[in-house]
Amino acid sequence: ALLCVFARRSKEGKGPLDAPKKFVTDEAWGRMYLKELRLCVQDEEDLNELTRGSLKKGMDGDMFSMQLSRLQKDLRKFLGSRALPYLIDNGSSRPGKFQITLPPDSIHFAPLPAAEKRIRATG
């Protein structure tokens, strides 16, 4: 879902995003992430109740960092040396401006088959 947030922004020609601040719940981030997460599951009831409840309040910097770290780790694990274009770039500055560096014309969205949706809903 986090990868989709950045991919969709790139596809729509939108710029990089600031990460949510630590210890501050960012409702806009929560909505963006939850929207993409819902697209990854067949039924919202498939989402972990704790995840659903916390995202309705928003996303804070700790949750963002945890999800980003998990995403980057998984991309490196499954794609190896081919992961670089899919990794979320922070602009090498503080505070970071996060974005995906894939060219927008190389990003395509398609529905997930039902079985894959259920598997991906656990996170």
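What share of the 123 residues of the protein chain counts as buried? I get 33%, taking buried as under 20% relative accessible area and exposed as over 50%, with a 1.4 Å probe and protein chains only.

Ground rules for myself: this is a predicted model, where local features need pLDDT of at least 70, side-chain atom pairs count only at pLDDT 80 or more, and totals for chains, interfaces and linings use all residues. Residues are numbered from 1 along each chain as its sequence is written, and side-chain values use heavy atoms, with hydrogens and water left out.

**Layout.** I read five helices and three strands, in the order α-β-α-α-α-β-β-α; these are DSSP runs numbered from the N terminus, helices being H or I of at least four residues and strands E of at least two.

**H4.** I checked the length of H4 (residues 61-79): its 19 residues should span 27 Å at 1.5 Å a residue, and the end C-alpha atoms are 26 Å apart, which agrees. The expected span is 1.5 Å times one less than the number of residues. Next I listed the buried residues of H4, among them Phe64, Leu68, Leu71 and Leu75. Down the axis of H4 the buried residues fall within an arc of 155 degrees, so they line one face; the arc uses directions from the helix axis to the C-beta atoms. On the face turned away I found exposed Lys73 and Lys77. Just after H4, Gly80 has a positive phi of about 55 degrees.

**Arg9.** I found Arg9 in helix H1 (residues 2-11). Arg9 is buried but has no salt bridge, and Glu12, the nearest side chain of opposite charge, is 6.5 Å away. A salt bridge needs a side-chain nitrogen of Lys or Arg within 4 Å of a carboxyl oxygen of Asp or Glu; for charge, Lys and Arg count as positive, Asp and Glu as negative, and His and the chain ends are not counted.
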